[in-house]
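Welcome! Here is a short briefing to read alongside the structure. Take a moment to look it over before going through the points below.

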Amino acid sequence: MPETLPSLRLLSKLPASVDAVIVGVTDRDGKPVVFALEEFEYLNEVIARTDARSALDTVTRIPDPRDDRRSIIFTGLGSSDVTPDVLRDAVGAAVRKLSGAKSLGIALPTASIDETAAIAEGALLGGYTFTQFQSKPNTSSGGGSRTPLSAISIVTQHKSKTVIDRSRAVATAAKLVKDLVNTPPNVLSPAELAARATAAAKPLPIRVKVWDEKQLEREGFGGIVGVGQGSSRPPRLVRLAYSPAKHKNHIALVGKGITFDTGGLSLKPASSMLGMKYDMTGAATVLAAICAIASLELPIAVTAWMCIAENMPSGTAIRPNDVLKMYGGKTVEVTNTDAEGRLVLADGLVAAEKEKPSLIIDVATLTGAASVALGNRYAGAMGDHAAVAQFVESATDAGEQFWPMPMPSELASLLKSDVADLMNAKVGNTAGGMLVGAAFLREFVGTTPWVHLDIASTANNPGGAYGFTGAGPTATAVRALIRHAERLSSK
Ligand code: BES
Ligand code: ZN
Ligand code: ZN
């Protein structure tokens with residue numbers, strides 16, 4: 001059974017019954033000092049004899065010297081200012097490393113609602129585990145597995161129902177993305193992903209429409225049909241719509257949902273194919289974002305498009321040199337079947353723009369080149385300058401790292417084809433691969449402001465856990481999208 005989120009309370013006083021209490025550690029004259037509510041300052045008498053340090057991601061657990069029924073968890077807050085971002089990470093790191101505690105108290109001083117909210121988010125995000133496919137829970141699942149945490153109490157003067165509702169909505173969204181990405185690709189077929197999207201939206205004021213392969217074919221979704229035709233498990237398109245009575249703006253979200261990317265006939269080598277279950281992260285992200293926005297009842301209309309297919313090599317698969325007729329009529333020569341994300345997204349972008357949204361944002365694990373350009377902690381944001389700048393601001397506000405990347409106009413001419421309107425990949429030249437992906441998508445967007453997020457660099461945390469981020473799926477972009485929708489909501 002999928003696990004549920006722990007309960008979350010904001011209280012003026014720490015409950016007597018907690019199993020563990022998180023306190024912060026900062027630095028004074030090179031020595032670790034406790035950063036916590038006054039009642040925990042006695043810990044300064046013992047801190048020198050522990051391994052507690054102020055460095056971020058340094059988490060130390062000791063029995064409480066004044067109450068042996070509970071433990072104290074020291075978490076480093078780093079040496080610069082204690083910002084909401086630092087608190088989110090430091091609390092997340094502590095929760096990730098908790099083992100055996102069922103009820104947790106957090107005794108950090110909070111100066112504002114924003115700090116309280118960041119602590120709540122860090123605690124809920126850091127507690128994520130995925131053990132569904134283990135017959136005996138092991139320790140490497142998504143950053144550590146343990147007795148699931150059932151209750152979190154944050155001591156604060158900033159008690160607000162909004163903070164509780166919002167941090168739960170954010171954590172629920174991140175968990176939905178991570179659960180879907182973690183689910184193995186033999187289980188998560190295109191039809192299964194569509195069914196799970198329908199189920200996730202069911203309790204919310206969201207209308208859902210699913211296109212099966214026959215409807216896709218009939219209506220001319222040549223990109224999605226083409227990419228999906230090599231698999232015995234046919235493609236899907238899912239449209240989710242949230243349209244509250246009160247709204248001014250309408251944003252369309254379009255997500256790449258390749259449930260597994262073998263590369264198709266342009267087959268990936270074995271080592272690059274491993275991990276390609278992550279290739280549906282964009283679709284999971286737009287689903288989770290619209291669910292969070294609807295559950296928070298934000299006054300903004302949102303339409304989310306999940307472009308879902310499995311990219312397999314077979315006798316029915318698309319070939320290099322095939323020409324596809326995309327939704328809306330443009331034709332594309334497939335020069336590389338491994339550049340499939342842009343083919344399914346092109347259909348989604350055209351369908352999304354037909355409804356005249358005020359902004360389109362697509363989310364995709366589009367290119368390996370994203371990591372070459374940006375490493376694994378920043379994702380690329382491309383498209384219309386003003387729209388990109390605004391989005392990056394919202395992301396920063398939410399504590400997420402996106403970087404604006406250029407979309408040089410000469411790239412479009414590199415994608416000219418002799419037989420079709422354009423081709424889906426450059427041949428024999430890998431320079432600026434992330435930007436070329438964006439340039440291809442640009443051809444399928446008209447005049448609507450548009451942002452393209454290439455999250456191939458950050459969707460998976462391939463290294464060690466840090467802050468609230470465990471190893472594996474990160475749910476990158478979800479918090480940024482929710483924050484952006486809040487900003488664009490009518491007052
Ligand atoms: N799904 C991959 C991109 C990817 C690579 C995501 C690594 C996550 C990690 C995408 O479909 C792909 O294969 N892109 C090609 C494009 C190329 C053929 C123009 C790539 O990046 O090599
Ligand atoms: Zn591919
Ligand atoms: Zn792909």
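Predicted model: local features only at pLDDT ≥ 70, side-chain atom pairs only at ≥ 80, totals over all residues.

**The zinc ion (ligand 2)**

- Its protein donors are Asp 261 (OD), Asp 338 (O), Asp 338 (OD) and Glu 340 (OE), which sit 2.0 to 2.2 Å from the zinc ion (ligand 2).
- Along the chain, the donor residues of this ion follow the spacing D-x76-D-x1-E.
- Asp 261 belongs to strand E10 and Glu 340 to the loop between E13 and H9, so this pair ties together parts that are 79 residues apart in sequence.
- Are Asp 261 and Glu 340 buried or exposed? Both Asp 261 and Glu 340 are buried.

**The zinc ion (ligand 3)**

- Lys 256 (NZ), Asp 261 (OD), Asp 279 (OD) and Glu 340 (OE) coordinate the zinc ion (ligand 3) at 1.9 to 2.4 Å.
- Here the arrangement is octahedral, because the six donor atoms subtend angles of 78 to 170 degrees.
- The spacing of these donors along the chain is K-x4-D-x17-D-x60-E.
- Lys 256 lies in strand E10 (residues 250-261), while Glu 340 lies in the loop between strand E13 (331-333) and helix H9 (341-354), so the two tie together parts that are 84 residues apart in sequence.
- Lys 256 has a relative accessibility of 2%, so it counts as buried.
- Glu 340 is buried too, with a relative accessible area of 1%.

**Where the two zinc ions meet**

- Which residue bridges the zinc ion (ligand 2) and the zinc ion (ligand 3)? Asp 261 is the bridge, and the two ions lie 3.2 Å apart.

**An annotated stretch**

- An unreviewed UniProt entry lists residues 336-343 under "domain: Cytosol aminopeptidase".
- In the model this span is 38% helix and 0% strand, and its end C-alpha atoms are 11 Å apart.

**Helices H9 and H13**

- Two packed helices are described by the angle between their axes and the distance between the axes.
- For H9 and helix H13 (residues 433-442), the axes come within 9 Å and cross at roughly 35 degrees.
- The crossing of H9 past H13 is right-handed.
- On the H9 side the contact is made by Arg 342, Leu 343, Leu 345, Ala 346 and Leu 349, and on the H13 side by Val 436, Gly 437, Phe 440 and Leu 441.

**Thr 367**

- Thr 367 is located in the loop between strand E14 (359-364) and helix H10 (369-374).
- With 7% relative accessibility, Thr 367 counts as buried.
- Beyond its neighbours within four places in sequence, Thr 367 contacts Arg 342, Gly 433, Met 434, Asp 454 and Ala 456.

- Most residues other than glycine have a negative phi.
- Asp 57 is not a glycine, yet it has a positive phi of about 75 degrees.
- Asp 57 is placed in the loop between strand E3 (31-35) and strand E4 (59-64), and its relative accessibility of 28% makes it partly exposed.
- Asn 321 also has a positive phi, near 90 degrees.
- Asn 321 sits in the loop between strand E11 (301-311) and strand E12 (323-325), and at 56% relative accessibility it counts as exposed.

Definitions and conventions
Residues numbered from 1 in each chain as written. Chains lettered and ligands numbered in written order. Heavy atoms only, no water. Donors = N, O, S within 2.8 Å, 3.2 Å for Na, K, Ca; no water. Tetrahedral: all angles 85-135°; square planar, octahedral: opposite > 155°, others 65-115°. Helix = DSSP H or I, 4+ residues; strand = E, 2+ residues; numbered from the N terminus. Buried < 20%, exposed > 50% of the residue type's maximum accessible area, 1.4 Å probe, protein only. UniProt positions renumbered as here; feature names shortened; annotations may be inferred. Axes fitted to C-alpha atoms, helices over the stretch in contact; angles between N-to-C directions. Left-handed = near helix turned anticlockwise from the far one by under 90°. Contact = heavy atoms within 4.5 Å.
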